[in-house]
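Me: I'm new to this one. Can you put it up and walk me through it?

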Amino acid sequence: MQGTIDGFNYGAVTPVVAYVMACLGSALGLRCTIRSLRNDSAWKPGWLALGAASIGSGIWTMHLIAMMGFDVAEAPVTYDLQLTILSLVVAVLVVGVGVFIVGYRGATRPALISAGLITGLGVAAMHYIGMEGMRLNGQIEYDTVSVVLSVVIAVAAATAALWAAVSVHGFLASLGAALVMGVAVTGMHYMGMSGIAVHLHDIDNSQAVAGEAATSIMLPLLIGPVTFLILAGVIVMFDPLLVLGEGEWNGKGAPMRPAGRTQPPRGTGAAPFRSRPTDPGTANPPRSGASRDTPTW
């Protein structure tokens with residue numbers, strides 16, 4: 001028996017909220033990665049780790065919210081807790097690999113290709129591990145074309161996001177990159193979901209009751225990642241280099257020198273200015289009407 005699939009059980013609420021969470025995670029991740037490139041080596045790994053966790057949490061939260069709108073009319077849908085949490089771990093770790101590659105090697109072509117491929121495959125793996133954690137009274141089948149397209153979108157989106165992380169420095173530019181990244185990640189999810197089919201087994205009423213109870217675990221699972229994204233947003237908002245501007249980052253704002261310093265800038269070749277030493281014979285100026293050659297008695 002073919003199941004009736006509804007990917008928008010709550011209308012436009014789930015796709016819109018899922019897109020917002022994907023944009024939030026991408027924006028925080030991009031800003032943290034940009035911040036790591038303008039910092040010393042002591043804090044660089046911390047900013048990169050925070051960026052990777054933000055992107056991974058945002059993508060996973062998007063996936064879980066979008067799946068809340070997924071429904072099969074003839075059978076309840078439940079989720080395996082271990083596989084669902086595993087998908088979150090995979091998302092954060094694999095995104096972290098890509099972020100650290102571009103964070104330390106820059107926007108070179110080999111770095112972007114390798115990091116984008118690893119991160120994109122990790123995002124796709126997160127999606128399909130989460131799908132594997134679905135439990136229903138039937139069998140899920142995937143359309144090959146939809147799966148391939150979803151993976152291609154994930155790789156392209158990850159590569160573009162990593163390029164933006166090391167190439168786009170302005171706040172508005174990085175915000176625009178995050179919005180595009182949100183579209184790509186959300187599009188990857190719904191592209192993969194568009195090609196699934198469910199073949200139902202015999203309907204069991206006892207499974208239906210258990211399914212309704214198990215579905216309630218999805219909202220508690222969102223508390224942790226959403227709280228983390230809020231805390232990451234607070235950290236980014238209160239970081240002075242991210243809030244007060246980027247003049248110091250791009251070299252437009254030179255540090256001011258202390259008043260009264262007479263040393264010239266290094267590399268100019270100019271000698272430091274010094275006042276001429278006072279002639280001992282003229283330490284006391286001559287009196288009015290007397291010249292220097294006239295002795296004073």
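Reply: pLDDT is the predictor's confidence in each residue, from 0 to 100. Helices (H or I, at least four residues) and strands (E, at least two) are DSSP runs, numbered from the N terminus.

Me: Where is confidence lowest and where is it highest in the chain?
Reply: Helix H7 (residues 205–214) is lowest, with a mean of 45. H2 is highest, at 91. The chain's mean pLDDT is 77, and 74% of its residues reach 70 or more.

Me: What are the ground rules here?
Reply: This is a predicted model, in which local features need pLDDT of at least 70, side-chain atom pairs count only at pLDDT 80 or more, and totals for chains, interfaces and linings use all residues. Residues are numbered from 1 along each chain as its sequence is written, and side-chain values use heavy atoms, with hydrogens and water left out.

Me: Over which residues does pLDDT stay under 50?
Reply: Residues 245–283 are one such stretch; the model has 23 contacts for them beyond four places in sequence. Contact means heavy atoms within 4.5 Å. Residues 288–297 also stay under 50, with two contacts of that kind.

Me: OK, new topic. How do H2 and H4 cross?
Reply: The axes of H2 (residues 44–68) and H4 (residues 109–132) come within 11 Å and cross at roughly 35 degrees. Axes are lines fitted to C-alpha atoms, for helices over the stretch in contact, and angles run from 0 to 180 degrees between N-to-C directions.

Me: Which residues make the contact?
Reply: H2 brings Ile-59, Trp-60, His-63 and Met-67. H4 brings Val-123, Met-126, His-127, Gly-130 and Met-131.

Me: And the core? Which residues touch the most other members of the largest one?
Reply: Met-67, Phe-70 and Met-134 do, in a nonpolar core of 58 residues. Such a core is a set of buried Ala, Val, Leu, Ile, Met, Phe, Trp, Tyr and Cys residues joined through side-chain atoms within 4.5 Å. Buried means under 20% relative accessible area, exposed over 50%, partly exposed in between (1.4 Å probe, protein chains only). H2 gives the most to this core, with 12 residues.

Me: Is Met-134 buried or exposed?
Reply: Met-134 is buried, because its relative accessible area is 6%. Strand S4 (residues 134–135) holds Met-134.

Me: What does Met-134 touch?
Reply: Leaving out residues up to four places away in sequence, Met-134 touches Met-67, Phe-70, Val-77, Thr-78, Tyr-79 and Ile-140.
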